[in-house]
Amino acid sequence: MKLRITEVRAHGHYLITVRFANHHAIILDLQEKIKTARFSNLSDLELFYQATTDGRAILWPNGISIATNEIVELIAK
């Protein structure tokens with residue numbers, strides 16, 4: 001069974017709440033990810049707050065995304 005994201009909400013300090021179709025929610029801490037080349041543009045909080053979802057990933061307007069499988073890997077750490 002694949003997880004489906006139903007909602008994302010960005011917060012200060014590079015935290016993002018991710019709600020899933022199974023009614024579970026997590027708060028994902030992206031502070032360390034922001035320091036990587038792939039996510040460095042998200043250090044602009046205005047851009048970070050524009051997070052949306054297509055159900056399969058967290059998406060930002062500049063093409064940056066985090067798929068559900070990567071989210072699972074991040075919370076498993």
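The model is predicted: local features need pLDDT of at least 70, side-chain atom pairs count only at pLDDT 80 or more, and totals for chains, interfaces and linings use all residues. Residues are numbered from 1 along each chain as its sequence is written, and side-chain values use heavy atoms, with hydrogens and water left out.

**Fold and dimensions**

- The chain holds 2 helices and 6 strands. Both are DSSP runs numbered from the N terminus: helices are H or I with at least four residues, strands are E with at least two.
- Along the sequence, the pattern reads β-β-β-α-β-β-β-α.
- The radius of gyration is 12 Å, close to the 11 Å from the globule rule for 77 residues, so the chain is as compact as a globular protein of that length. The radius is taken over C-alpha atoms, and the rule is 2.2 Å times the number of residues to the power 0.38.
- The C-alpha trace spans about 35 × 25 × 20 Å along its principal axes.
- Of the contacts with a separation of 6 or more, 40% join residues 24 or more positions apart. Contact means heavy atoms within 4.5 Å.

**Nonpolar core**

- The largest nonpolar core has 21 residues, and Ile 16, Ile 58 and Trp 60 touch the most other members. Such a core is a set of buried Ala, Val, Leu, Ile, Met, Phe, Trp, Tyr and Cys residues joined through side-chain atoms within 4.5 Å.
- At least two residues of this core come from each of β1 (5-11), β2 (15-20), β3 (25-29) and α1 (45-48).
- In soluble globular proteins, nonpolar side chains tend to be buried together.
- Leaving out residues up to four places away in sequence, Ile 58 touches residues including Ile 5, Val 8, Ile 16, Leu 28, Ile 64 and Ile 71.

- Val 8 lies in strand β1. Its relative accessible area is 13%, so Val 8 is buried. Buried means under 20%, exposed over 50%, and partly exposed in between (1.4 Å probe, protein chains only).
- Beyond four places in sequence, Val 8 touches Ile 16, Thr 17, Val 18, Ala 51, Thr 52, Thr 53 and Ile 58.
- Thr 68 lies in helix α2 (residues 68-76). Thr 68 is also buried, at 15%.
- Beyond four places in sequence, Thr 68 touches Leu 3, Ile 5, Gly 55 and Arg 56.

**Burial and charge**

- Of the 77 residues, 34% count as buried.
- The chain carries 9 positive and 8 negative side chains, with the centres of the two sets 6 Å apart. Lys and Arg count as positive, Asp and Glu as negative; His and the chain ends are not counted. Charges are placed at NZ of Lys, CZ of Arg, CG of Asp or CD of Glu.
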